[in-house]
Amino acid sequence: MNFLPAQKSLWEATAVAAPDAPPLRGPRDADVVVVGGGYAGLSCALHLAERGVAVTVLEAAHVGAGASGRNGGQVLFGGKQSRSELVARYGEATGHRLHAFGAGAADATFAIIKRLGLQCDAVQAGSIYAADSPAGLAETCSKHQALMAMGVDARALDRDQLREATGSHAYLGGYFNPRGGSVQPLSLVRELARATLGAGAQVHEGSPALSIARDGADWRVHTAHGSVRARRVLLATNGRPGGLWSRLNQAVLPVWSFQVATDPLPPSAGVLAGGAVVSDTRRVLRYFRRDREGRLVLGGKGTIRAPRGPQSFALQRKTLARLYPQLADQALSFYWGGQVSVTLDRLPRLFVLDEGVLATVACNGKGVAWNVALGPVLADAMSGAPLGSLPLPPARPLQAIPLHSLKQIYTAVGGTWLRLCDSLDRSRPHFS
């Protein structure tokens, strides 16, 4: 997610101060070089440094400039797919391993935050998955049953219970999962950078990686004013490495997600009094939460192109009025957006680009928990662990999306189709 001047981000306005990470100057040697100063890259570098590995992180702009500093801050349980879907795709052992990793990602993220004392407004008050259509209600019932079978103390919520929990009349029912929660996302990534530096790693902002090439048995990554030679390289740029590695951009689709935030709401507003975060079953996703000061932060699908000011956020304003009619005229103090990288099958990827070069991309909206928790796994991979033992199976060769140059058509047609499906779901009668 890239910051634009026409936007005003809540997270930029309220985050902890960034650590000092000056641009790279001159040549440098390391065991591992990480390209990308977001959750995945920093968590990997942190865990490598804690093991005594010499690691250098190169960030093109500033830490958290991308999706890690601009997302909704929801720390969510699990992935997009069920255990049976993952087993069908990857086989019994890998499917179970990948599902178990996703199921533990939120807890693992909060554990890392607690262990390191990261100041990022972390609150594990649970998450709510809500349905506003009969089809969505059936989906939440199925997922709730699956969670119970896994031993998760999730609670089914009927219409009245969901209204009490959220303060909204828009939903038919859903469930509450106590393992979810929220963070201030930009504070989290800045605190990860601070901890990574404290563990002995090198972190350099304003140092875009311009090229990568073999240097004997090693790799050398060049920036405008320096270079790093290392045995292994991790590209942790959310599938947007520019021209650093041919065709990697073609493995994902960039989709705009927009967010708005109100002024702090009084307790009498009755909005999410319990502190849980909410997402719903719509194909065109809606998600919302309260921040530390009581602001309502609401996000969802953006337009095809970058926002050009407050007028670009009409859909978020409409969604706010539908969910909370009493807030229809509420002032919106913040509005921002960015691009989320997704894959057609909504599965993340760990690409083996060459011997010693890996790329992790596309968490498909689950990136906070997934990427922070993935750090130790990526550290294993960059330390030489067998790739077949990782929870995320490595993909080789790189798989480009067919006709990727038509990505704007993909997203426009796909968005229209998903909105139509949501409308049809809601138009069907519901008997309760």
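Partly exposed means a relative accessible area between the buried limit of under 20% and the exposed limit of over 50%. The exercises below use a predicted model.

**Exercise 1.** Which residue forms a salt bridge with D218, and where do the two partners lie?

Solution.
- Step 1: The partner of D218 is R231, with the closest N and O atoms 2.7 Å apart.
- Step 2: D218 belongs to strand 11 (residues 218-222), while R231 sits in the loop between strand 12 (226-230) and strand 13 (232-235), so the bridge ties together parts 13 residues apart in sequence.
- Step 3: R231 has 46% relative accessibility and therefore counts as partly exposed.
- Step 4: D218, at 16%, counts as buried.
- Step 5: Both residues also belong to a network of salt bridges that links D29, D218, R229 and R231.

**Exercise 2.** Locate the salt bridge between R179 and D107, and classify each residue by accessibility.

Solution.
- Step 1: The closest N and O atoms of R179 and D107 are 3.7 Å apart; the cut-off for a salt bridge is within 4 Å.
- Step 2: R179 is in the loop between strand 7 (173-177) and strand 8 (181-182), and D107 is in helix 4 (residues 92-116); the pair links distant parts of the chain, 72 residues apart.
- Step 3: R179 is partly exposed because its relative accessibility is 27%.
- Step 4: D107 is partly exposed because its relative accessibility is 32%.

**Exercise 3.** Are D291 and R295 buried or exposed?

Solution.
- Step 1: D291 and R295 form a salt bridge, and their closest N and O atoms are 2.7 Å apart.
- Step 2: Both D291 and R295 are buried.

Note on methods
Residues are numbered from 1 along each chain as its sequence is written. This is a predicted model: local features need pLDDT of at least 70, side-chain atom pairs count only at pLDDT 80 or more; totals for chains, interfaces and linings use all residues. Side-chain values use heavy atoms; hydrogens and water are left out. A salt bridge is a side-chain nitrogen of Lys or Arg within 4 Å of a carboxyl oxygen of Asp or Glu. Helices (H or I, at least four residues) and strands (E, at least two) are DSSP runs, numbered from the N terminus. Buried means under 20% relative accessible area, exposed over 50%, partly exposed in between (1.4 Å probe, protein chains only).
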